[in-house]
Amino acid sequence: MEGRIFEIITSDRKGKVDTRNDNVGIITIFDLADDVQENATVEFELESDDNGEQYARFIRTVERNQTIFNTEDRDRWYEWGENEENDFLTNIVPRIQLDIRSNPEKAYKLWAIDLYDYTNDRYADLKTQNTPFFTCSKYNYKGKPYDPAYAVSFNKKDYEYYRRNYPECDIYFWINWTQLEYKTFRVQPVYGVWRAPFAKMAQLIESKEVALHTYAHRVNDDHNAKDSYIFSLADENVFEKIL
């Protein structure tokens, strides 16, 4: 299994690992390597003591991409997303000359879509992405390999939720690649805001013209999305660059 380290007791080479699995939860992990740091993703064996209590035995640190937070730390990403939404409304929306505001339904409906576009009288949502999907060229978009400089992810859970509740909404992608290299992969700097009608994205998903990527590190994860569809911002039939 894999999990995220959030506490280390250096003297005993042990700590706490969040397995993100509802049947296992947060457990003690033993035999940590000396260079393991908090917030690292680690692979471990799940074992039980004489009383049947589960614990983890460290195997290795999992090499991950450079991101602001651990990619499986959902709560911190939610908090960061709220800040990005406020930044978008304050600094970006005035530049694109649309009357987009926080969706008032969020005050009484916790999981309501984030935004409402009063100019076009429709719901909207924001996806902010800062790290490219460097290895996406192993997949095809409309029959051709993806260019990682323009590839964006869209959670399958979001697709299913919007299809049920907001089929006419727009999705805004605010992109700023802050990491341009990973191993042997490199991308060009990309910054901007693109708008896509969800209906057009759904059409491509349902016609199987976009790839569905399953996250290797979330197989036993009950808290994070397990897979995402991959789109290309270069597809002008779907994405309109507005900034």
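The legends below describe close-up views of a predicted model.

**Figure 1. Overview of the predicted protein chain.** The protein contains three helices and 18 strands, and 44% of its 243 residues count as buried. Among contacts between residues at least 6 apart in sequence, 58% join residues that are at least 24 apart.

**Figure 2. Helix H2 and helix H3 in contact.** Helix H2, formed by residues 156-165, and helix H3, formed by residues 198-206, have axes that come within 11 Å and cross at roughly 120 degrees. With that angle, H2 is oblique to H3, and the crossing of the two helices is left-handed. On the H2 side the contact is made by Tyr159, Tyr162 and Arg163, which meet Phe198, Ala202, Ile205 and Glu206 of H3. Sorted by class, the contact of H2 with H3 comprises five nonpolar and two charged residues, with no polar residue.

**Figure 3. The aromatic pair of Tyr116 and Tyr123.** A search of the whole structure finds 20 aromatic pairs, one of which is formed by Tyr116 and Tyr123. The rings of Tyr116 and Tyr123 are 5.1 Å apart, centre to centre, and their planes stand at 90 degrees, an edge-to-face arrangement. Tyr116 is buried, with a relative accessible area of 15%, whereas Tyr123, with a relative accessible area of 24%, is partly exposed.

**Figure 4. The aromatic pair of Phe134 and Tyr182.** The ring centres of Phe134 and Tyr182 lie 5.9 Å apart and the ring planes are at 35 degrees, so this pair is tilted. Phe134 belongs to the loop between strand S8 (122-129) and strand S9 (140-141), while Tyr182 belongs to strand S13 (residues 181-182), and the pair therefore ties together parts that are 48 residues apart in sequence. Phe134 counts as buried at 2% relative accessibility, and Tyr182 is also buried, with a relative accessible area of 18%.

**Figure 5. Surroundings of Asn103.** Asn103 is placed in the loop between strand S6 (100-102) and strand S7 (115-117), and at 3% relative accessibility this residue counts as buried. When residues up to four places away in sequence are not counted, Asn103 touches Ala112, Ile113, Asp114, Leu115, Tyr116 and Tyr123. Two of these neighbours, Tyr116 and Tyr123, are the partners of the edge-to-face aromatic pair.

Figure 6. Gly192 lies in strand S15, which spans residues 191-197, and counts as buried because its relative accessibility is 0%. Leaving aside residues up to four places away in sequence, Gly192 touches Phe173, Trp174, Ile175, Lys241 and Leu243. Gly192 and Ile242, although 50 residues apart in sequence, are 7.7 Å apart in space, C-alpha to C-alpha.

Figure 7. Lys142, a residue other than glycine, has a positive phi near 55 degrees; Lys142 lies in the loop between S9 and strand S10 (144-145) and is partly exposed, with a relative accessible area of 34%. Lys208 likewise is not a glycine, and has a positive phi of about 60 degrees. The place of Lys208 is in the loop between H3 and strand S16 (211-214), where Lys208 is exposed, with a relative accessible area of 73%.

Note on methods:
Residues numbered from 1 in each chain as written. Predicted model: local features only at pLDDT ≥ 70, side-chain atom pairs only at ≥ 80, totals over all residues. Heavy atoms only, no water. Axes fitted to C-alpha atoms, helices over the stretch in contact; angles between N-to-C directions. Helix = DSSP H or I, 4+ residues; strand = E, 2+ residues; numbered from the N terminus. Parallel < 35°, antiparallel > 145°, perpendicular 65-115°, else oblique. Left-handed = near helix turned anticlockwise from the far one by under 90°. Contact = heavy atoms within 4.5 Å. Nonpolar A, V, L, I, M, F, W, Y, C, P; charged D, E, K, R; others polar. Phe/Tyr/Trp six-rings, centres within 6.5 Å; stacked < 30°, edge-to-face > 60°. Buried < 20%, exposed > 50% of the residue type's maximum accessible area, 1.4 Å probe, protein only.
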